[in-house]
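Thanks for coming. I will take a few minutes on one part of this structure, so please have the sequence and the model open.

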Amino acid sequence: MASTLFHGISELRTVAEAGTLHDAALIAEGGAITWIGEAAQAPVADEAVDLGGRAVLPGWVDSHSHMIFDGNRAEEFEARMAGQDYAAGGIAVTMEATRAASPERLRALLRERLAAARAGGTTCMETKTGYGLDVASEQLAAQIAAEVVDEVTFLGAHVVPPGAEAEEYVDLVCGEMLHAVAPHVGWIDVFCERGAFNAEQSRRVLEAGKAAGLGLRVHGNQLGEGPGVALAVELGAASVDHANYLSESDVEALAGSETVATVLPACDLSTRQPLAPARRLIDAGVRVAIASNLNPGTSYTSSMNFCVGTAVLQQHLSLEEAIEAATAGGARALRRHDIGGGRDAQGRPAKGALVVGAAADLHVLYTAHAIDLAYRPGMPLTWRTYVAGERVA
C-alpha cells in the first residue's frame, strides 16, 4: 500500500489531545493515518499532496439525515415562513411521492445528495428510511441506502400513515416491516412526539429493534417537553435527536449517560422552533453532536458548514466546541468514535478525529483559518474532501 504525505497545512484541527497544530502534516496509508505532526519533521512517503497552506479538519460526521425521498415540500415551507405552525403531518406528502418513485430514481437521488454532502466536507453519514411507511417501500429504501451510505437507520415509526390505525401500524413496524429491513440496517429510530408516537408505542418499537440486534436512536423533545429523552437514556440509545425542549431532569439524565444529544440547527431555523440549548447541554457535561437533518420538509440542506456556523453564531458554542460536535460528537452518536489507538469498538478506523490509526477523512478548507466557518458565514469554504485518504470532492 502506498503512503501519502499531506502537507502545506496551516492549521490542523485534530479534535484530539494534540489540539490544533500549525504548519502541520500527516501521512495516510491503507485509508488510515499513520503519522501526524509538524511538517518539518514529516517522514518520507511514497506520494505527496500539497494543500497550499489551508486549514484541515476531520471530515464532518453527519449523524442524522433523511436522504431517501422524492418530491419536495416547498409550499409547506413557504407557508411556515408566512406564519403557519410546523406539525409532523407533512411527512405524508413525501410518502406519496416516494412510494411513486422507481428504485432507479430513488437510487440516483440518493447518490446526488451524498455527492453534495461530500462536496461540503462530510465524510461519514447516516440516513434513515421512513418515507415509504409500508413494508415494500421501507425494505427498498433500506436496501438502496445500504449500497452507499455509511450508517443506515430503520425509521418505519416516523408517523402513522394516513388511513392506518396507530396500534396496528406499530404492530407492523415491530413485526413484518422490521423483519424485512433488518438485514440492511444497523439502527432503529422512532419519532417520539405529539402527532407521531407516544411513549408506550415508542418503547415497543425500540425494544423490538433491540431484540433484533439493532442500535437505538430517538427523535425526541422537538415540539415540546416529552418522554423522548428519558426513554432514550433508559434504553441506552446512542442518541436522542432534536432536544429543543428539555427539563432539568432531562439534562441531568443525559449528563449521567452515554446517550448523545444531537442538535439540528438548520431544522430549528426552518421550523422556527427555539434553537436547541446546546450551550446549556455542554455546560452540564452532556455529549453533544451537530447534524444536518437533511430532509425535504424541515431541513433541506446537507451543509454542515452552515450548521457549524449557526452553532457558533446563534447557539453560543466556541468554534472548537462546534467542530468537535460536528465531528467527534457525530462519530460518538454513531458509535464510530475513537476508543483507543484510533479505532472504534469494532476495530475499524475511527471517524471524527485526526489521530494515528483513525480514518484519513479530511475536510480541507479554502482558507487558512477554520474560524472563517463562522466569521464568513455562507461563503463556499470547502476546497477538497478526502475519505480514507482518497479525494472524493
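UniProt, in an unreviewed entry, marks Tyr 131, Asn 295 and Gly 297 as "binding site". What we are looking at is a predicted model. The three residues span 167 residues in sequence, yet no two of their C-alpha atoms are more than 11.3 Å apart, so they gather at one spot. Tyr 131, Asn 295 and Gly 297 also belong to the lining of the largest cavity.

Now to that cavity. Searching the whole structure gives one cavity of 30 Å³ or more. Its volume is about 110 Å³. There are 15 lining residues, and those closest to the centre are His 66, Tyr 86, His 158, Asn 295 and Thr 298. By type, the lining has five nonpolar residues, nine polar and one charged.

Next, two of the annotated residues in turn. Tyr 131 sits in the loop between strand E6 (122-128) and helix H4 (135-148). Is Tyr 131 buried or exposed? Its relative accessible area is 3%, and because buried means under 20%, Tyr 131 counts as buried. Beyond its neighbours within four places in sequence, Tyr 131 has contacts that include His 66, Arg 73, Glu 138, His 158 and Asn 295.

Asn 295 is in another stretch, the loop between strand E12 (288-290) and helix H11 (304-313). Asn 295 is buried as well, at 3% relative accessibility.

Terms used. Residues numbered from 1 in each chain as written. Predicted model: local features only at pLDDT ≥ 70, side-chain atom pairs only at ≥ 80, totals over all residues. Heavy atoms only, no water. 1 Å grid on protein atoms, 1.4 Å probe; cavity = no way out; pocket = protein on both sides within 12 Å on 5 of 7 lines; lining within 4 Å. Points joined across faces, edges and corners; volume = space filled by probe spheres on them. Nonpolar A, V, L, I, M, F, W, Y, C, P; charged D, E, K, R; others polar. UniProt positions renumbered as here; feature names shortened; annotations may be inferred. Helix = DSSP H or I, 4+ residues; strand = E, 2+ residues; numbered from the N terminus. Buried < 20%, exposed > 50% of the residue type's maximum accessible area, 1.4 Å probe, protein only. Contact = heavy atoms within 4.5 Å.
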